Amino acid sequence: MSQKDIDSRRRFLKLAAGTAAAAVLMNGLPRVARADDLPHLSESDPTAKALGYVEDASTTKNPKRKAGDTCANCQFYSGGATGYGPCQLFPGKAVSAKGWCISHTAKQA
Ligand code: SF4
């Protein structure tokens, strides 16, 4: 085997390793990033408006809100305690953990 052959084989192996690493990244990242990637629900969204959704529960003047109710403790919410996460009532959107809407239903213990 000539030195040239060895060099080109090395280049090929390097390329193959890089491609494998990229494939792992592409397969691994979306699953982790998906919840964060959802666009945030806007208060001006027609459905959000109809349900009186607010990004910060403490700002609503809606008398239906009970103290302490937020998306984070609503049964329709499946995100973390902070930030944003999915809500079954707004498919494809992420609501604020601190948010609230009139459909709030306390999580079952
Ligand atoms: Fe938040 Fe629950 Fe209303 Fe969804 S249904 S926006 S989680 S309060």
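The largest nonpolar core has 13 residues, of which L41, Y53, F90 and V95 touch the most other members. Such a core joins buried Ala, Val, Leu, Ile, Met, Phe, Trp, Tyr and Cys residues through side-chain atoms within 4.5 Å, where buried means under 20% relative accessible area (1.4 Å probe, protein chains only). The model is predicted: local features need pLDDT of at least 70 and side-chain atom pairs count only at pLDDT 80 or more, while totals for chains, interfaces and linings use all residues. Residues are numbered from 1 along each chain as its sequence is written, and side-chain values use heavy atoms, without hydrogens and water.

**Contacts of Y53**
- Beyond its neighbours within four places in sequence, Y53 is in contact (heavy atoms within 4.5 Å) with L41, E43, A48, C71, V95, S96, G99, W100 and C101.

**Ligand surroundings**
- Around the ligand (a heavy atom within 4 Å) are Y53, C71, C74, F76, Y77, C87, L89, F90, C101 and H104.
- This shell comprises 9 nonpolar residues, 1 polar residue and no charged residues, with Ala, Val, Leu, Ile, Met, Phe, Trp, Tyr, Cys and Pro counted as nonpolar, Asp, Glu, Lys and Arg as charged, and the others, Gly among them, as polar.

Definitions and conventions: Buried < 20%, exposed > 50% of the residue type's maximum accessible area, 1.4 Å probe, protein only.
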